[in-house]
Amino acid sequence: MTELAAVKAALKTQAVETPSWAYGNSGTRFKVFAQAGVPRDPWEKLDDAGKVHEFTGVAPTVALHIPWDKVEDYAALAKHAEERGVQLGAINSNTFQDDDYKLGSVCHPDAAIRRKAVDHLLECVDIMDATGSRDLKLWFADGTNYPGQDDIRSRQDRLAEGLAEVYERLGDDQRMLLEYKFFEPAFYTTDVPDWGTAYAHCLKLGPKAQVVVDTGHHAPGTNIEFIVATLLREGKLGAFDFNSRFYADDDLMVGAADPFQLFRIMYEVVRGGGFTPEVAFMLDQCHNIEAKIPAIIRSVMNVQEATAKALLVDGDALRSAQEAGNVLEANAVVMDAYNTDVRPLLREVREEMGLDPEPLKAYRASGWAAKIVEERVGGEQAGWGA
């Protein structure tokens, strides 16, 4: 197999999970902006996700958020997904939208509220059993706003205790993915603020606990690719939440703010052996002002482009330059790959997969956008909290 053929083959195996909540209405802290044709329930979210996979060929799973996507019959929901050409993916918990969680959830000083939070996480594992999902994704808004508000170490003890109980409930083929975020909504201390804290808890829990890297959850200037390389080296990188940021956790389309950073991250994934199903690629974005389905298609394409460039890095030439201490040549090898226009290559890959080479144009021509505006009238649109 030629080098180019190997790159094509790798690209055809790529899978980018889309999030159910990205198909609903979202906005800023001040306003949620409604759009015509937005799904009104999890079933319609899956209809839209099926269209993204139909036109990209590499978005075969959809992450659910509980209770936003709660239904009576998860087997029926899974069947509905399969009929749309997709499958149900990671189950995301929600311990941040209940009045009881004002001072925290699994880290709360009140044992009764901690019990409520852990019970919700156990419910999510039950849902995983029903849907066949492999991954339980955990993000906690827990933290404090003021010095002295609570005991920092005690909160870590409570977190460890809650995680351990949920970990023991996992099946043999299930994983716990622990996400971190350095601030917001807690401003003094966040209970899982960085990759080191998440790694420490996952290491203690065992092999079924892995770290999630959300590309928007870092302080400005953080070298995310170093984190990725380190977690891969330690066998503890479980998943990505892809998005873009300019200032904080902006949740913009992946590759929009810094496409070079996305390329550098994907190079470390490829270099570190992370381009496998064991490292889940998921979008975690809010499409506040742009049309949702085209934005998700564009985001999938952005991940594809960064991956293609990463796969084109000449590893032999790079190692030779590095071993010779040739700084400029080593950098040139990386930059040559990044500066390659991979769009023609990806068009060829899509054609070989039996897809339209231009996913966005194909979606616009499909008439789906007009169809959902016409048909999704009445009811309550999905959005934050639904």
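How many strands close into a barrel, and in what order? Here are some friendly notes to read beside the structure, which is a predicted model.

1. Start with the barrel. It is closed by 8 strands, and going around you meet them in the order E1-E4-E5-E6-E8-E10-E11-E12, with parallel pairing. From one strand to the next, the twist averages 30°.

2. Now zoom in on one pair. Strand E1 (residues 16-19) and strand E4 (residues 61-65) run parallel and are joined by 2 bridges. Look for Pro 19, which stands opposite Ala 63 in E4.

3. Helix H9 (residues 292-311) lies across E1, strand E11 (237-242) and strand E12 (280-283), and H9 runs at about 145° to E12.

4. Finally, look at two helices that pack on each other. In general, such a pair is described by the angle between the axes and the distance between them. For helix H8 (residues 259-271) and helix H11 (residues 327-338), the angle is about 115° and the axes are 11 Å apart. That makes H8 roughly perpendicular to H11. Their crossing is right-handed.

5. Which residues of H8 and H11 meet? From H8 come Pro 259, Phe 260 and Phe 263, and from H11 come Val 334, Met 335, Ala 337 and Tyr 338. Sorted by class, this contact of H8 with H11 has 7 nonpolar residues, no polar ones and no charged ones.

Conventions: Residues are numbered from 1 along each chain as its sequence is written. This is a predicted model: local features need pLDDT of at least 70, side-chain atom pairs count only at pLDDT 80 or more; totals for chains, interfaces and linings use all residues. Side-chain values use heavy atoms; hydrogens and water are left out. Axes are lines fitted to C-alpha atoms, for helices over the stretch in contact, and angles run from 0 to 180 degrees between N-to-C directions. Helices (H or I, at least four residues) and strands (E, at least two) are DSSP runs, numbered from the N terminus. Angles under 35 degrees count as roughly parallel, over 145 as roughly antiparallel, 65 to 115 as roughly perpendicular and the rest as oblique. A crossing is left-handed if the near helix is turned anticlockwise from the far one by less than a right angle, and right-handed if clockwise. Contact means heavy atoms within 4.5 Å. Ala, Val, Leu, Ile, Met, Phe, Trp, Tyr, Cys and Pro count as nonpolar, Asp, Glu, Lys and Arg as charged, and the others, Gly among them, as polar. Two strands pair if DSSP finds at least two bridges between them.
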